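Hello,

Here is the structure I promised to hand over. Please open it first, then read the notes below.

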Amino acid sequence: MPAVGILDRYGPGAWPDRCTLVSPIVLLIMKSLMNRIVLIGVAVALPFTLFAGSLQTVTLDVQNMTCAVCPITVKKALERVPGVTAAKVDFDKKTASISFDPDKASLAALTKATADAGYPSSVHN
Ligand SMILES: [Cu+2]
């Protein structure tokens with residue numbers, strides 16, 4: 001970090017005598033700035049952590065998957081829906097498990113996405 005380099009060069013030892021009072025103040029200011037940067041980092045990261053808790057998971061029954069490429073097409077279609085964080089498609093069970101943010105994506109948007117790709121789906125019971 002460049003701030004550390006500045007402190008090394010202009011730290012207590014490097015300053016002329018008349019600056020002995022100023023340098024500790026500069027050090028204090030630098031330290032409080034660093035603390036502020038850390039605090040901002042925490043403040044930015046926090047909402048993402050809270051977000052992770054509000055994800056919803058749903059399993060859909062998917063029709064028309066006839067070959068090994070079909071699940072990939074369904075997965076891509078689901079992942080393109082805004083708010084979807086993960087989509088797993090099971091070819092053998094003919095299902096798709098989707099994690100999504102319910103504030104951004106709806107069940108209707110998910111089933112529409114698969115239907116538009118050629119694979120109508122409905123919520124698995
Ligand atoms: Cu196929």
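Is Val 74 buried or exposed? Val 74 counts as buried, because its relative accessibility is 0%. (Buried means under 20% relative accessible area, exposed over 50%, and partly exposed in between, with a 1.4 Å probe and protein chains only.)

Some ground rules. This is a predicted model: local features need pLDDT of at least 70, side-chain atom pairs count only at pLDDT 80 or more, and totals for chains, interfaces and linings use all residues. Residues are numbered from 1 along each chain as its sequence is written, and side-chain values use heavy atoms, with hydrogens and water left out.

Helix α3

Val 74 is found in helix α3. (Helices, H or I with at least four residues, and strands, E with at least two, are DSSP runs numbered from the N terminus.) Leaving aside residues up to four places away in sequence, Val 74 touches Val 62, Met 65, Val 89, Thr 114 and Tyr 119. (Contact means heavy atoms within 4.5 Å.) Val 74 and Pro 120 lie 46 residues apart in sequence; C-alpha to C-alpha, they are 10.0 Å apart in space.

The copper site

Cys 67 (SG) and Cys 70 (SG) coordinate the copper ion, at 2.1 Å. (Donors are N, O and S atoms within 2.8 Å of the metal, or 3.2 Å for Na, K and Ca; water is not among the atoms, so sites may look incomplete.) Cys 67 counts as partly exposed, because its relative accessibility is 35%. Cys 70 counts as buried, because its value is 5%. The structure holds zero disulfides. (A disulfide is a pair of cysteine sulfur atoms within 2.5 Å.)

Helix α4

This helix spans residues 107-116. Leu 110, Thr 111, Ala 113 and Thr 114 are buried there. They cover an arc of only 155° around the axis, which puts them on the same side of α4. On the other side, Ala 108, Lys 112 and Asp 116 are exposed. The cover over the buried residues of α4 includes β1 (56-62), α3 (70-79), β2 (84-90), β3 (95-100) and β4 (121-123). Just after α4, Gly 118 takes a positive phi of about 105°.

The core and the hairpin

The largest nonpolar core has 17 residues. (Such a core is a set of buried Ala, Val, Leu, Ile, Met, Phe, Trp, Tyr and Cys residues joined through side-chain atoms within 4.5 Å.) Val 62, Leu 78, Ile 98, Phe 100 and Leu 110 have the most contacts inside it. The elements giving two or more residues to this core are β1, α3, β2, β3 and α4.

β2 and β3 run antiparallel, joined by six bridges. (Two strands pair if DSSP finds at least two bridges between them.) Ala 86 has Ser 99 in β3 as its bridge partner. Four residues lie between the strands of this hairpin, where Lys 94 takes a positive phi near 60°.

Best wishes

How values were computed
The arc is that of the directions from the helix axis to the C-beta atoms.
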